[in-house]
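Me: Could you take me through one part of this structure slowly? I'd like a close look at how a pair of neighbours in it pack, and then where that part sits in the whole.

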Amino acid sequence: MPFRLDPHSRIQSPVHRLPAAVKLAAGLAILVATVSTPKAFAPVACVLLAAAVLSRIPPLFLLKRLVLLEPLALGVAILALFQPHGGRIFALIVVKATLCLLTVILLSNTTPFAELLRVFRRARMPALLVTTLALMYRYLFVLIEESERMRRARACRTFAEGRSRAWKSLAVVVGRLFVRSTERAERIHAAMCARGWK
Amino acid sequence: MHIPDGFLDGKTMGATAALSVGGLALALRQLRRNLPRRRVPLMGLAAAFVFAAQILNFPIAGGTSGHLLGSVLIAVLLGPGAAVLVLTAVLIVQCLVFADGGLLALGANIFNMGIVGGVGGYAIYRCVQRLVPGPRGVVMGAAFAAWCSAAIAAVLVAGELAISGTAQWAIVFPAMVNVHLLIGLGEAAITVLVIVAIQRTRPELIDPAAPASGALSNRQIIGYGMLISLGLALFVSPFACTWPDGLEKVAGKLGFAHRALTSPAPMAAYKLPWISSAPLGTSLAGAVGTILVFILAFVVARVVTPRTATDSR
């Protein structure tokens, strides 16, 4: 099965049909509102809930993503407990972080990355950065599959391995992956030139 | 080390965003001049490589595992300017596609990991490499720089969180830094192993004599140096010297309505005895650790550098 990070970004729904620029601007506005005042929590939650329902993304998927990413936020938020009125700050931060996470998860799963790139290009983001982002996104899945193949090949040939051997052979996989990436980049450059890239 | 949204306040987000836009602009200007056209696709592939490499888990004790962060590895392989571009791309995709790291906190994340981790790490790597010539210097420099970049980034994250009033410096500094002193050891080990693996198969990719995409010019050294020291001055120095000042600032930032009810003096007295020693202890441990890791990096470099590469120099 091919590796997908945003599997629902291409389904059909009213939210998906909105222009990417609008969604990006709305997402940013929601984030700023959430971060700046606790008064925004209730309206933001309503808007996000409506967007989630309209977008026809399976709720279980959203929940899974949220559960996957929440610990990262909680780990830092726990540090906020150790101060006067820590409980209140902790609760505030957790609500804020959760709303923000949901916003970005919804944004990334209703907007294909290619459309966001088009917005960036129109917003005059430097061309080199846009090209890098586009190539990165295009070859991300290729390289992940390539590394997975190398890892599997190694696992097939190794019966039992200690931790230090595992580190060494994993490092060889990573090193090899870099060498293959540079070689692939050369082939891509040739292909781009052949198609008239200046 | 990715800061999620909701942890930083407006002025911290603004300042870090300005710093990272400045750093990125410097990097892009250098690349526009020095990067050969045929290496443009490599930037995207290198970014995809960092992302793919971060998915591979290195087993640590007790079922836990760690992964590569990659800022110093990429800086050693491609040079500082390319490292800033590549790491920025990685962080943008992680944020916008996977929601890992906040969108508003993107500036802070790019500054901590891309600019300080990449360029700062590269500067440390070059200094060590100048002291110890040859492939051995590459390994030793990379190991030391990888550890340092993790530690410095952790200090910056702690400062940014404390200045935003999210957590107290006395708590967040020891917690972040102590954890990342250990993570740095893992990062250094992985970076060294990967660099040795590349040295064995394709030594020309890591040529200590001719660093990729050119050494930094004086102007860039001043530019990056100013950005990084500005970041440290903004987010770390308020806490580093006069700590009660920092506390007051943090408390003031929080804007507690009830804070006026409790007079500041007893609170300071109740906090100070055990808290003031924690940052000091962490700083001391950090200083001792830096020396130890430097020696360790030297020993590791002696042991793991491929013999053929050493002979050929």
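Reply: Ile30(A), Ala33(A) and Thr34(A) in helix 2 of chain A meet Phe41(A), Val44(A) and Val47(A) in helix 3 of chain A. Two residues are in contact if their C-beta atoms, placed from the backbone, lie within 7 Å. By class, this contact has five nonpolar residues, one polar and no charged ones. Here Ala, Val, Leu, Ile, Met, Phe, Trp, Tyr, Cys and Pro count as nonpolar, Asp, Glu, Lys and Arg as charged, and the others, Gly among them, as polar.

A word on the model: it's predicted, local features need pLDDT of at least 70, and side-chain atom pairs count only at pLDDT 80 or more, while totals for chains, interfaces and linings use all residues. Residues are numbered from 1 along each chain as its sequence is written, and chains are lettered from A and ligands numbered from 1 in the order in which they are written.

Now the geometry. The axes of helix 2 (residues 20–36) and helix 3 (residues 41–54) of chain A come within 9 Å and cross at roughly 150 degrees. That makes helix 2 of chain A roughly antiparallel to helix 3 of chain A (angles over 145 degrees count that way).

Zooming out, 63 residues of chain A are in contact with 59 residues of chain B. Helix 2 of chain A is among the helices that each supply at least two residues of that side of chain A. The largest share, 20 residues, comes from helix 8 of chain A. Helices here are DSSP runs (H or I, at least four residues), numbered from the N terminus.

Terms used: Axes are lines fitted to C-alpha atoms, for helices over the stretch in contact, and angles run from 0 to 180 degrees between N-to-C directions. Angles under 35 degrees count as roughly parallel, over 145 as roughly antiparallel, 65 to 115 as roughly perpendicular and the rest as oblique.
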